[in-house]
Amino acid sequence: MSHQSELISSDIDAYLEQHQQKELLRFLTCGSVDDGKSTLIGRLLHDSKMIYEDQLAAIEKDSKKSGTTGEKIDLALLVDGLAAEREQGITIDVAYRYFSTSRRKFIIGDTPGHEQYTRNMATGASTCDLAIILVDARHGVMTQTRRHSFIAHLLGLKHVIVAINKMDLVKYSETRYQEIREDYQSFSKQLSIPDIRFVPISALEGDNVVSKSENMPWFTEQPLMELLETIEIAADDSNTHFRFPVQYVNRPNLNFRGFAGTIAGGTVNVGDSLTVLPSGQQSTVKEIVTFDGNLPSAHVGQAITLTLNTEIDVSRGDTLVKTSDQPPMTADAFTAKLVWMADENMLPGRQYFFKVGHQLVAGTVVKINETIDVNTFETSSADSLTLNTIANVTVQLNKPVIVDAYSDNRHTGAFIVIDRLTNGTVAAGMIEEQTQIAAIQMVTEVDRERRYHQKPVTIVLDAQDAAERAVELERVLFTRGHACVIVRPEDALAVCPYVEAAGLLAIVAGNRELPFGFLFRNTASVDIIEELTEQGILLPL
């Protein structure tokens, strides 16, 4: 099934051009623990002759040391490359592999099955066109099967192949295959996945992976590889409206000014009328420029440079849309599905950065509308989000952004949430609809506690070097993400109550007569911080 062509030896340029024009399919394998995801990918690469001899020799050697298949080559080692993965016989991180056949090019994402690595699976699925969900024929549909199916539905994947694996361990039973198929179909009726296929396989033995299995003559449909080669994906993004986020203004000389980026939706043609958002200025397309020359039209996924017939102000961060198309939303508040990916809980009211497409703005999750149980699809209320929780939330941003509903455009309707202190990604979200937050809404003490991660209090330092200690304490608290201010002793009685009312920590150096707050005598700053944490004044960041 690997791509073999006489052009390789006779005309390598023609071969590369032919290869370049092949359609690319991105897919991932997912499912419960030990369902054979890595082994399946190894089998696909092995049977399509996409493993080099030195790689095969290395796998044979490693199979004797870390393999789990007895005397046979453990093909899972091809993608389970981390030492921890080989030691435990599981997949931990997302591993990507590339291969091609005479019909298509493929990028495979091998994702973990353990619940604690669900965030890795969601990350891998976010860029894919199709998901292969493996089910162990011995165990049937498991909790993680449901979880990963729900995430695939949540992320808008339109194609799912349910590969019922390890059929060799159930004696290639058609009855068992039909039982699992009916079970999955019953559960998946609640999911809006338009294209679900089923295929019984044995990744270890190669049955129905690349070629039809002689052990399962009762299965007359296409084997897995043929499905991957023939499933139609070209129309998935063709009906979306034109969206072109400007990533760079290309100005190599006085005679050329173009706007570079990757098309995030729809198509564009020379002569099309475009509108610049958010300014609303209009012009028409003069040229569609690429490295390989100018094009009459371009489609979603292509990296291009557009030149316009009139000189209008277009900057990095703007979005070009067709004047005739339905415009995107310009919203500073919206509802969204959120997958929480951090070990630390998410509390409404805390400030984060939201990266929506190419736009980075500050904001907060103002409300958790409901959490979703991926096993039963039941909803419930919650005050916070824990690791791997999926919820419907309301987001408030500090300024409007240009977005679409995720169901309309996966590129402009998705966002990530970034922790302001660590700069780590803590959540991924899918926008549902624009909403309105009440303009007049009183800020409460709880709101301030969540924003600053602290309960307001006045800290009085009574020591000979109190002024120096106060500066040291302010710096340590500020570095750790808390909000505090030093108040002069003579102003403390008048100022500190207002500092506390604003939700801040007031630090006063050397005044025994204050009738409020806490008194710490001759202690180091770190000791004070530990005491404040024990008393619940400094909250977890």
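1. Basis. The model is predicted, so local features need pLDDT of at least 70 and side-chain atom pairs count only at pLDDT 80 or more, while totals for chains, interfaces and linings use all residues. Residues are numbered from 1 along each chain as its sequence is written, and side-chain values use heavy atoms, with hydrogens and water left out.

2. Strands here are DSSP runs of E with at least two residues, and helices are runs of H or I with at least four, both numbered from the N terminus; two strands pair if DSSP finds at least two bridges between them.

3. Strands β11 (residues 273-277) and β12 (residues 282-289) run antiparallel and are joined by three bridges. T275 stands opposite Q282 of β12.

4. Strands around β21. Strand β21 (residues 414-418) pairs with β17 (residues 351-356) in the antiparallel sense over four bridges, and F353 has I418 in β21 as its bridge partner. β21 and β22 form a hairpin with six residues between them, and N423 in the turn has a positive phi of about 65°.

5. The nonpolar cores. A nonpolar core is a set of buried (under 20% relative accessible area) Ala, Val, Leu, Ile, Met, Phe, Trp, Tyr and Cys residues joined through side-chain atoms within 4.5 Å. The largest has 66 residues, of which F27, L40, I132, I161 and L228 touch the most other members. Strand β4 (residues 130-136) gives the most to this core, with six residues. Apart from it lies another core of 25 residues, among them M329, Y352, A391 and L397.

6. Residue T230. T230 lies in helix α9 (residues 224-230) and is partly exposed, with a relative accessible area of 36%, between the limits of 20% and 50% (1.4 Å probe, protein chains only). Leaving aside neighbours within four places in sequence, T230 is in contact (heavy atoms within 4.5 Å) with R103, R104 and Q222. The C-alpha atoms of T230 and R103 are separated by 8.4 Å, although the two residues are 127 residues apart along the chain.
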